[in-house]
Amino acid sequence: IDTVVVTQIIVSNAGPSGRLDYTIDDITGPPPPNDRIIQRRRTDWHNLKFDLDQFRFSNFEHRDYSTSLNSGLGDTIITDPSGDLVFGSGGDIIGVFATLTSSNVTFEFEFLDNVNNDSTYIIFSLDTDFDPNTGAFPGGFGVNLPAQDIGAEFDMLINIPALPFIGLPPSTVSVWVGANTPPSGPPVYTGSVSVNANIVTVTIPFSGIGNDDGNMAVAGFGGHIDPLTSPPNPTSVDYIPNLGHGIVGVDPLGDLPWLSLSPTNGSLFAGESDTVMITFDTHGVEQSGVFSGFLVIHSNDINQPVKSVPVSLLTEPVVGIRSDPILPNMIRLEQNYPNPFNPSTTIQFTLPHSIFVTLKIHNILGQAITTLLERDLEAGNYSIEWNARGVASGVYYYRLHAGEFSETRKMIVLK
């Protein structure tokens with residue numbers, strides 16, 4: 001089914017002191033060496049299933065979160081810590097939000113303090129093909145940080161005061177084709193900007209940025225300028241974000257094409273939190289199948305700098321009925337094949353009548369590590385695939401319960 005499901009988790013610095021810098025990426029695997037695989041909890045949503053978890057680390061925690069923290073603004077694409085100005089004071093951007101329609105994208109820039117109409121500016125880069133090797137690198141007329149990983153197809157200047165030396169009235173947004181030098185020709189698009197207390201809002205039509213779907217990577221910087229100099233002299237600078245970039249829409253070149261994250265990085269003081277949106281999108285994927293990968297969290301937590309969270313997408317029920325019309329008069333559990341295996345194996349069983357079935361994988365200590373099946377089934381022959389990616393080599397057991405029937409068989413993961 002073409003389905004989109006969005007869930008949220010919170011990343012928070014549990015303290016008691018110090019700043020937590022983190023990045024989150026999605027990969028097909030395998031997870032990085034020497035990381036910590038977080039035990040997963042399976043959540044069902046009709047035929048779409050995904051694995052997330054609630055977990056606490058020494059410096060930060062993740063937990064499920066169901067409501068937005070940004071009080072009516074668009075989707076969070078970038079979070080930026082307060083007080084991280086490169087130089088100067090004021091002009092501290094702490095968040096960027098985006099709202100997509102069928103024809104435009106609206107950006108909202110949240111400042112720590114109310115916007116100064118006499119000096120505030122923002123330069124923002126748009127990577128419309130998610131490729132840092134195309135467009136201008138670094139973006140922002142060559143001034144963005146290389147760590148922001150942006151190849152700018154377009155650079156956007158938001159000036160709150162007027163800039164007479166290039167003919168821009170106050171509260172204007174101007175878009176140029178990405179370049180490594182300051183703009184010398186007319187912009188390809190200009191529009192108006194609105195300011196409400198500490199929020200700057202601008203809407204860009206897709207036609208103005210040569211983009212027909214709004215999917216793009218974004219990064220930039222802002223702060224205060226002295227508009228009376230020519231060119232205007234920056235009096236404060238804040239990079240947003242300091243590393244990595246934000247994502248609007250879905251990254252078509254992501255490691256997991258059916259999953260996207262926003263934001264993908266942050267920097268938190270003790271007690272601060274970020275909301276990370278996780279989008280599962282089945283558009284364009286095969287009509288049936290099991291897709292797996294990992295969320296990888298890198299941080300400056302000295303005790304656990306790298307963690308991996310398994311995620312999986314099922315585009316149809318994991319149970320498939322074979323066409324064999326002849327059924328035995330008893331429940332039968334077959335030996336998995338192949339065995340030993342790496343990373344996938346198939347488990348087959350037969351039911352002579354309708355019954356509630358549970359199929360779980362256990363480790364050598366008898367602890368259940370995952371549930372493959374827990375539902376009512378009709379009579380039939382069934383095949384279930386288990387992907388043991390992220391599971392250590394060793395002996396495991398699969399156990400089938402169906403009414404009063406219970407049987408356990410051994411299998412070996414060999415890597």
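G88 sits in the loop that links β8 (75-79) and β9 (93-100). The model is predicted.

**G88**
- With a relative accessible area of 47%, G88 is partly exposed, because that value falls between the 20% limit for buried and the 50% limit for exposed.
- Leaving aside residues up to four places away in sequence, G88 touches T235 and S236.
- G88 and H224 lie 136 residues apart in sequence, and their C-alpha atoms are 8.3 Å apart in space.

**Strand β26**
- β26 runs antiparallel to β29 (residues 380-387), and eight bridges join the two strands.
- Within this pairing, S344 stands opposite N387 in β29.
- β26 is also joined by two bridges to β25 (residues 332-333), again in antiparallel fashion.
- R332 has T350 of β26 as its bridge partner.

**Largest pocket**
- The lining of the largest pocket consists of 23 residues, and I123, F165, P182, P183 and P231 lie nearest the pocket centre.
- By type, the lining residues comprise 20 nonpolar, three polar and no charged.
- At least two lining residues come from each of β11 (120-127), α1 (139-142), β16 (216-226) and β17 (233-240).

Technical notes: Residues are numbered from 1 along each chain as its sequence is written. This is a predicted model: local features need pLDDT of at least 70, side-chain atom pairs count only at pLDDT 80 or more; totals for chains, interfaces and linings use all residues. Side-chain values use heavy atoms; hydrogens and water are left out. On a 1 Å grid over the protein atoms alone, a cavity is a set of points where a 1.4 Å probe fits but cannot get out, and a pocket is an open set with protein on both sides within 12 Å along at least five of seven lines; lining residues have an atom within 4 Å of a point. Helices (H or I, at least four residues) and strands (E, at least two) are DSSP runs, numbered from the N terminus. Ala, Val, Leu, Ile, Met, Phe, Trp, Tyr, Cys and Pro count as nonpolar, Asp, Glu, Lys and Arg as charged, and the others, Gly among them, as polar. Two strands pair if DSSP finds at least two bridges between them. Buried means under 20% relative accessible area, exposed over 50%, partly exposed in between (1.4 Å probe, protein chains only). Contact means heavy atoms within 4.5 Å.
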